[in-house]
Amino acid sequence: MKVSVIVPTYKEKDNLPELIDRIFKALKGYDFEVIIVDDNSPDGTAGGARGLSKIYGNIKVIERPVKLGLASAIRDGISNADGDVIVCKDADLQHPPELLPKMIEKAKEGYEVVIASRYIDGGKIEGWSAFRKFISKSAILLAHILFPKMRAVKDVASGFFLLKRGVISGTQLNSTGYKIIPEVLVKGKYERVTEIPYVFKPRKRGKSKLSLKDVISYAVFLLKLKLGK
């Protein structure tokens, strides 16, 4: 079972060395690759990723000409992935790489979708304002209202998840915003989903890329998804 870890980036050069070191330590003994998809970061993230690729070997770097968004970066990463299992995670170190082996083991147990969750027992969020928590829970509530199929999943706004390739094989994903898992849960071919708790910690370096435009785009996309557009 080969694992492809897809990491969308924008201005994350300072986080990459620690991120890659922790991924490689966590996945020691596994057959895996890391795919960095960078949206032309002005801080030289892509160059830093290429330097790390020379050191570690099994890192692919995809540099896109402009900022096109997280969801489309994941789509590009998937199209370049060789793995039987695909993991998507952020580069900001808020998604702990140490959780990867547990997620892979769940896939081996037969789960087709494994979601790292902040909203089940054992999971939590540290360092967020009340407003940011409100936005996150509102995004989840909207998805639950529009799509009864998702209601069993507590964290449908997670950006840290694993898919077996068959879940999206032959499926056209169109997400363009900052979340893609809702579309996967609506369109994907799967029977078994599970969530694993984790603690979402504050950023060590850099700033959050989330904007009001992203939130609005997410809501609009969910509505279009509901209407089959």
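Trainee: How much space lies in the second largest pocket?
Mentor: The model is predicted, and its pockets are computed from the protein atoms alone. For the second largest pocket, the space amounts to about 170 Å³.

Trainee: How do the residues of that pocket's lining divide into nonpolar, polar and charged?
Mentor: The lining includes Arg75 and Arg165, and Arg counts as charged. Ile78, Ile168 and Leu173 also belong to the lining, as do Ser79, Ser169, Thr171 and Gln172. The division is therefore three nonpolar, four polar and two charged.

Trainee: Which residues have the most contacts inside the largest nonpolar core?
Mentor: This core has 36 residues. Elements that give two or more residues to it include β2 (32-38), β5 (113-117), α5 (130-146) and α6 (181-187). Another core, of 34 residues, lies apart from it and has Leu16 and Tyr111 among its members. In the largest core, the residues with the most contacts are Val113, Ile168, Ile181 and Leu185.

Trainee: With which residues is Ile181 in contact, leaving aside its neighbours within four places in sequence?
Mentor: Contact requires heavy atoms within 4.5 Å. With neighbours within four places in sequence set aside, the partners of Ile181 are Val113, Ile115, Val156, Ser158, Phe161 and Leu163.

Trainee: Is Val66 buried, partly exposed or exposed?
Mentor: Val66 is found in the loop between β3 (59-63) and α3, and it is in contact with Asp39 and Asn40 when neighbours within four places in sequence are left aside. Its relative accessibility is 44%, whereas buried would require under 20% and exposed over 50%. Val66 therefore counts as partly exposed.

Trainee: Lys11 and Leu93 both have a positive phi without being glycine; what is the relative accessibility of Leu93?
Mentor: Lys11, with phi near 55°, is in the loop between β1 and α1 (16-26) and counts as partly exposed at 41%. Leu93, with phi of about 75°, lies in the loop between β4 and α4 (100-108). Leu93 counts as buried because its relative accessibility is 10%.

Notes:
Residues are numbered from 1 along each chain as its sequence is written. This is a predicted model: local features need pLDDT of at least 70, side-chain atom pairs count only at pLDDT 80 or more; totals for chains, interfaces and linings use all residues. Side-chain values use heavy atoms; hydrogens and water are left out. A nonpolar core is a set of buried Ala, Val, Leu, Ile, Met, Phe, Trp, Tyr and Cys residues joined through side-chain atoms within 4.5 Å. Buried means under 20% relative accessible area, exposed over 50%, partly exposed in between (1.4 Å probe, protein chains only). Helices (H or I, at least four residues) and strands (E, at least two) are DSSP runs, numbered from the N terminus. On a 1 Å grid over the protein atoms alone, a cavity is a set of points where a 1.4 Å probe fits but cannot get out, and a pocket is an open set with protein on both sides within 12 Å along at least five of seven lines; lining residues have an atom within 4 Å of a point. Grid points are joined across faces, edges and corners, and a volume is the space filled by probe spheres set on the points.
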